[in-house]
Amino acid sequence: MKKMVLTFIYLSLVCLCSCQNDLIEYRHEDIKLSIEKGEAWLHDFPLFLGIKFKNPPQIAIWVESIQGEYLSTIYVSHKIATQSWEGNDNNRRKEALPHWCYSRGIQHNDGLYLPTKDKPLIDGISGATPKGSFDVKIHPINNVTRFVVKIEVNHSTDFNEFYNKSAKANDENYSGGKQGSGQPALVYAVDIDLSRDLTFYEAELIGHSSPDGSSGSISEDLSNITTARNIVKNIIIKIL
Amino acid sequence: MKHIILTSLALLSVITFIKAEEQNSFSFSTTIGMGITMNTPSYHSITWQAIGYYNPTERLSVGMGTGLSFYEKILIPIYGDINFQIGRERIITPFIELAAGYSFALSKDAVGGCYLNPSIGIQHTLKKRMKLHLALGYESQNLKRVKKHSDEYFLKEFEEQLSHKSISLKFGVISKF
């Protein structure tokens, strides 16, 4: 009898476990945006006494009109969205994702175009940065058919020979100092036209953001970008 | 992976049951606890747990536990547990404990994940068959949930993968049968 009870408990657990499938269901006309992690997705972030931990990048995904007007944020990583940086010494890290910040265009009392702890981004579009590749589902409403999807990614303290930690404010390669960005954020973009029969798009690297986060401009000169190119392997958009 | 964990837990429970029947050496523990978060996104969890033990020796207890864990979503952990008492039994006896298993989410828009909780603590004898139990440990709990938002242009959905790391504090009682 007791063995029967135990077998029943075990089978119930297996059934319960089997029901825990993928959480997101995709249907016809949904858009699946997939970011595939590259070799540099996880980056050593220094804590203290030489101790480091592997940090995933900060990411923003948003949509603009064909004319370049900001429409909607799709996803933003938790730390920048809630300003919950660790070891930042009150630096709000304007250099983290400046192109998204300026495109969104919401300026706070301190003059920065960043969310604040008091006014973080909406919870439904911010989340813990995944340790690996991940997908986002987008479903257009109100007959939106043509738009540009932009993705901005960046690591903190991702220094290289050009964007080094000893650069001084106002230098071309200054990226926020010792706890700053290092290599600037990279921006990927893809034009989506739902009126065409295309079902597969790939986002292209269009440039890097302002290294010190002082503007929302993009520079097409990628000659000093090294390992940051490998944060993302590819970004695929499928129309289902 | 989940099936391996579940099979191991089922085997452990069968062995515990059979051995306990032979020697009639059961104990039962129930604890409440909290987790002080060490990561972001942060969430201070609250837990209630119940564990049935078999005591093969005076110092060693093995058993199975379950309960409720309150994170962003409510989880039901199912886990195996080993408790080793350090030294002979006194009024206050130190112990080390390891709990490992899998947690299930009750909500449709969430999935649980692996659960791990090594801890150290003390047990204080209250009566012949009852002890107070206080433990300090490290807790790791994985969890996935859906996040949604819509505005005038788009409906957006993504799966957030959370890996909660916390300092766990637990307080409860152990009864011997």
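1. Let's begin with the surface of chain A. Its accessible area is about 12,100 Å², and carbon and sulfur atoms account for 50% of that. Please keep in mind as you read that this is a predicted model.

2. Now for the overall build of chain A. The chain has 13 strands and three helices, and its C-alpha trace spans about 75 × 55 × 35 Å along the principal axes. Of the 240 residues in chain A, 51% are buried. Taking contacts between residues at least 6 apart in sequence, 69% join residues at least 24 apart.

3. A word on charge. Chain A carries 29 negative and 25 positive side chains, and the centres of these two sets lie 9 Å apart. Over all chains, the count of salt bridges comes to 16.

4. One of these pairs is Asp30(A) with Lys137(A), whose closest N and O atoms are 3.6 Å apart. Asp30(A) sits in the loop between α1 (2-18) and β1 (31-37), while Lys137(A) belongs to strand β7 (residues 134-140), so this pair links distant parts of chain A, 107 residues apart. Are the two partners buried or exposed? Both Asp30(A) and Lys137(A) are buried.

5. Next, have a look at Arg92(A) and Asp110(A), whose side chains meet in a salt bridge at 2.8 Å, N to O. This pair also links distant parts of the chain, 18 residues apart: Arg92(A) is in the loop between α2 (78-82) and α3 (98-104), and Asp110(A) is in the loop between α3 and β6 (126-127). Arg92(A) counts as buried because its relative accessible area, 16%, is under 20%. Asp110(A), at 45% relative accessibility, counts as partly exposed.

6. Over in chain B, Lys131(B) forms a salt bridge with Glu89(B), with 3.4 Å between the closest N and O atoms. Lys131(B) lies in strand β8 (residues 130-150) and Glu89(B) in the loop between β4 (74-85) and β5 (92-105), a link between distant parts of the chain, 42 residues apart. Lys131(B) is buried at 10% relative accessibility, whereas Glu89(B) is partly exposed at 33%. Separately, salt bridges that share partners join Asp123(A), Arg145(B), Lys147(B) and Glu160(B) into one network.

7. Finally, the cysteines. How many disulfides does the structure hold over all chains? The number is zero. As for individual cysteines, Cys101(A) counts as buried because its relative accessibility is 2%, and Cys114(B) counts as partly exposed because its value is 31%.

Terms used. Residues are numbered from 1 along each chain as its sequence is written. Chains are lettered from A and ligands numbered from 1 in the order in which they are written. This is a predicted model: local features need pLDDT of at least 70, side-chain atom pairs count only at pLDDT 80 or more; totals for chains, interfaces and linings use all residues. Side-chain values use heavy atoms; hydrogens and water are left out. A disulfide is a pair of cysteine sulfur atoms within 2.5 Å. Buried means under 20% relative accessible area, exposed over 50%, partly exposed in between (1.4 Å probe, protein chains only). Helices (H or I, at least four residues) and strands (E, at least two) are DSSP runs, numbered from the N terminus. Contact means heavy atoms within 4.5 Å. Accessible areas come from the Shrake-Rupley method with a 1.4 Å probe; for residues, only the protein chains shown count as cover. Lys and Arg count as positive and Asp and Glu as negative; His and the chain ends are not counted. The place of a charge is taken as NZ of Lys, CZ of Arg, CG of Asp or CD of Glu. A salt bridge is a side-chain nitrogen of Lys or Arg within 4 Å of a carboxyl oxygen of Asp or Glu.
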